[in-house]
Amino acid sequence: MPVIKVSDLAFGRLQSPSLDEAEEFLSRFGMVRTERTSDRLYMRGTDPTPFIHVTHLGPSKFLGLGFHVDNEDDLRKLAKAPGAKGIENLDEPGGGKRVRLTDPLGYQVDVICGQRAVEELAVRKHTVNWGYDKLRRAGQLMRITRGPSQVKRIAHAVLMCQGAKEKTRWYREMLGFIPSDEVYAGPKENIIASFNRCDRGDTYVDHHTFLCFEGPNTGLNHLSFEVPSYDDLMLGHEYLREANKYEHVWGIGRHLLGSQIYDYWKDPWGRVHEHWTDTDVLNARTPPNLLSAEEGLVSQWGSPPPQSFITHAIP
Ligand SMILES: [Fe+2]
């Protein structure tokens, strides 16, 4: 049994040399500022969560991840785990409490609960008349407002390291992640990537929330954010491209594992941020799959990942 079961990813925590440049990129990527101080920037999506992305001022660095739990009992249990700090008040937008851990790679993990919700932001909807469901927009014209994607929520985080299997075990034992798909290279015991989801019993959750894969570098491979529709993802792609200052990494395509339609961009310091829409959702009853790298790490459509992305990690 794991120590606790987290209910979702809460935020990614990065450090950046310029809060102005960070805010400019994240706004263009489709997040909205919640709060900015002289040395912190908090950004949100349209969901009623006060922040999903934190930037500390300082040299470029990945600092860690935050996860939600549903109640304080879980924090009390976690506070007794090896290496855990005690329960602290969270001095960040929305307040609440947290327990801090250090993961096996040395990154900070904040497990939080009791954060005050904020008002959901209005979302422009794009209703589509697909061939098999042709009357969803009956009598209405499609007229799209151009602009950034409307980031809804943070969805998953991907780390790269050596000994990914062991590192993943820590996340499972501490935070209750369960495997959706595992990918091997050569012998079947040689797991090189592990796609993990939250265990929320019968409730359906995203195919993966935490993924760790084997690679030559150590650190953050990417943070990933859900957007509400394919049109929204494409609008965001054009809006980032029109800025003429951000590097496009990979996409647009549809993953096999998780099935998301994806689009990957680098921020000014090379940290990869992904937009996706339309994921597989599973509950705790779905058994894990084991696939070879050739079978699993492919796209259902769209180009294969560039080599630079497969080896990419920011410490
Ligand atoms: Fe991703």
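Which residue of S17 does Asp 263 stand opposite? In this predicted model, in which residues are numbered from 1 along each chain as its sequence is written, local features need pLDDT of at least 70, side-chain atom pairs count only at pLDDT 80 or more, and totals for chains, interfaces and linings use all residues. Side-chain values use heavy atoms, with hydrogens and water left out.

Asp 263 stands opposite His 275 in S17. Strand S16 (residues 261-266) pairs with S17 in the antiparallel sense over 6 bridges, where helices (H or I, at least four residues) and strands (E, at least two) are DSSP runs numbered from the N terminus, and two strands pair if DSSP finds at least two bridges between them. Helix H3 (residues 164-175) packs on the sheet, where it touches strand S9 (153-161), strand S10 (178-184), strand S11 (191-197) and strand S13 (210-214), contact meaning heavy atoms within 4.5 Å. The direction of H3 makes about 160° with that of S13; axes are lines fitted to C-alpha atoms, for helices over the stretch in contact, and angles run from 0 to 180 degrees between N-to-C directions.

The open sheet is formed by 10 strands in the order S19-S10-S11-S13-S9-S14-S17-S16-S15-S20, with mixed pairing. Strand S19 (289-292) and strand S20 (299-301) stand at the edges with a single partner strand each, so one side of each is left without a neighbour in the sheet.

The iron ion has His 156 (NE2), His 222 (NE2) and Glu 274 (OE) as its protein donors, which lie 2.1 to 2.2 Å from it; donors are N, O and S atoms within 2.8 Å of the metal (3.2 Å for Na, K and Ca), and water is not among the atoms, so sites may look incomplete. Along the chain, the donors of the iron ion follow the spacing H-x65-H-x51-E. Because His 222 lies in strand S14 (residues 219-226) and Glu 274 in strand S17 (residues 272-277), the pair ties together parts that are 52 residues apart in sequence. Both His 222 and Glu 274 are buried, that is, under 20% relative accessible area, with exposed over 50% and partly exposed in between (1.4 Å probe, protein chains only).

Helix H1 (residues 19-29) and helix H4 (residues 230-243) have axes that come within 9 Å and cross at roughly 145°. Phe 25, Arg 28 and Phe 29 of H1 make this contact with Tyr 239, Leu 240, Glu 242 and Ala 243 of H4.
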